[in-house]
Amino acid sequence: MVAEMKGKSKLCLQVEKDLQWLSQFGADTRKGVTRLLYSTEWYAAQEALKEKMTENQLTAYYDDVGNLYGRLEGIEQNQKTILVGSHVDTVVYGGKYDGAFGIIAGLIAVEHLRKTYGMPKRSIEVVSLCEEEGSRFPLTYWGSGHIVGLYSYENMSQEIKDRENITLKKAMEQYQFGKGHYKKPFRQDISHFIELHIEQGEQLEKKQLDIGIVSSIAGQKRFTVTVQGESNHAGTTPMTHRKDALAASCRFITSLLDMSKKYEEKLYMTVGKLDVSPNVPNVIPGKVSFSIDIRHGEDGVLDKVEHEIKVMLREIAINAGVTTEINRWMNEKPVQMDKNLSEISKNISEEKNISYMSMVSGAGHDSQVFGPKLPTCLLFVPSKNGISHSPKEYTSAEQLEKGIQVLIELLYKLAY
């Protein structure tokens, strides 16, 4: 049994200090954090974390897509590595806890273990995954996806562009990634993946619990819908003759959200991104594209909803005199977390008198990429008012500390 940590207020101060420190890389005009994949802010954050890893006596290194690792070498040879961490990228105008907390928590936990118990039997690596959010390019889990072999940047980077028409390849190469200067990202030497994260919901807060032990992560699909109408003069085109792409899109979005009600609260639907062209006051919108994000715990329901969306889109397009195209660019299945790691986490929480609950995660996480490939554990700490992806994102240092306590003990049991 790991000895109880003394000076918990010191740990609270440490996690607060480190999260504030990391949030300066990408600090934006709305008092949040914008740190997009392969941006200047992103690279500055990775370089700063690399330096911190070295200061903590970890061997720090990149792979060829920009995942950053800090390795504490184990004394037993020929053992697979325990990986702990989360993603360093953010959404636009995001908060300072999402993803970043998992990295900082991993660094604090490993530093505590090294100082208290010396070198582990099995190697531990803290990872700052290069991308998870899909905020810059139309992809997600770019970091973890390469580690488990879902992606191959050689085959993808030429095609993918951001909103400024910058290719993924060019963005990567700006910081010397994707050129073979670093080791290949695919790995087969990892035994477990542990991720500590804020909940991004309000179940824990409402129930006044300290830890969420995730049993599974809901599946999700994401689409881009393009509606093509006809631009024309706002003052001379009769209402009955218009092919208004925006009006048609609005009808569809309203119908889409109304449709979700029949699935009660188990289906989540979001239209979060909208692009209108030409986007000027006196011209009828000729082209609109928008995103759709749907999530549910059952794969069959997601397939059914996708079919219903396509039928609805066709019907509205015919009535509005426009054409439509729908492109599904994410199709993530629900993923189960490792039952043994969940049971160990429950036992640790009980031993430390830390309250907990088992729960399903409606948000996607890197854990769902690792989960089908190797034993994976995802732990949550509460989020104030359930707010995330916002500068208002907040979790108290005391709640963060309890998550780190469980993480320390879990890593101790696995590595020592």
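This is a predicted model: local features need pLDDT of at least 70, side-chain atom pairs count only at pLDDT 80 or more; totals for chains, interfaces and linings use all residues.
Residue numbers start from 1 along each chain as its sequence is written. Local features need pLDDT of at least 70 and side-chain atom pairs count only at pLDDT 80 or more, while totals for chains, interfaces and linings use all residues, and side-chain values use heavy atoms, with hydrogens and water left out.

**The recorded site**

An unreviewed UniProt entry lists His 87, Asp 98 and His 197 under "binding site". They span 111 residues in sequence, yet no two of their C-alpha atoms are more than 9.9 Å apart, so they gather at one spot. UniProt positions follow the numbering used here, feature names are shortened, and annotations may be inferred rather than shown by experiment.

His 87 belongs to strand 3 (residues 81-87). His 197 belongs to strand 5 (residues 190-198). Strands (E, at least two residues) and helices (H or I, at least four) are DSSP runs, numbered from the N terminus.

His 87 is buried, at 0% relative accessible area. His 197 is buried too, at 1%. Buried means under 20% relative accessible area, exposed over 50%, and partly exposed in between (1.4 Å probe, protein chains only).

Leaving aside residues up to four places away in sequence, His 87 touches several residues, including Asp 98, Glu 132, His 197 and Asp 366. With that same exclusion, the contacts of His 197 include His 87, Asp 98, His 365 and Phe 380. Contact means heavy atoms within 4.5 Å.

The side chains of His 87 and Asp 98 are joined by a polar contact of 3.2 Å. A polar atom of the His 197 side chain lies 3.4 Å from the backbone nitrogen of Gly 99.  A polar contact is a pair of N or O atoms within 3.5 Å; within protein, one must be able to donate a hydrogen and the other to accept it, and residues adjacent in sequence count only if both atoms are side-chain atoms.

**Aromatic rings**

The structure holds 16 aromatic pairs. Two of them are tabulated here.

| Pair | Type | Centre to centre | Between planes |
|---|---|---|---|
| Tyr 61 and Tyr 69 | stacked | 5.0 Å | 15° |
| Tyr 62 and Tyr 182 | edge-to-face | 5.6 Å | 70° |

Rings of Phe, Tyr and Trp (its six-membered ring) pair if their centres lie within 6.5 Å; planes under 30 degrees apart count as stacked, over 60 as edge-to-face and the rest as tilted.

Tyr 62 is in strand 1 (residues 59-62), and Tyr 182 is in the loop between helix 6 (168-173) and strand 5, 120 residues apart. Tyr 62 is buried at 3% relative accessibility, whereas Tyr 182 is partly exposed at 29%. Tyr 38, Trp 42, Tyr 62, Phe 177 and Tyr 182 form one aromatic cluster.
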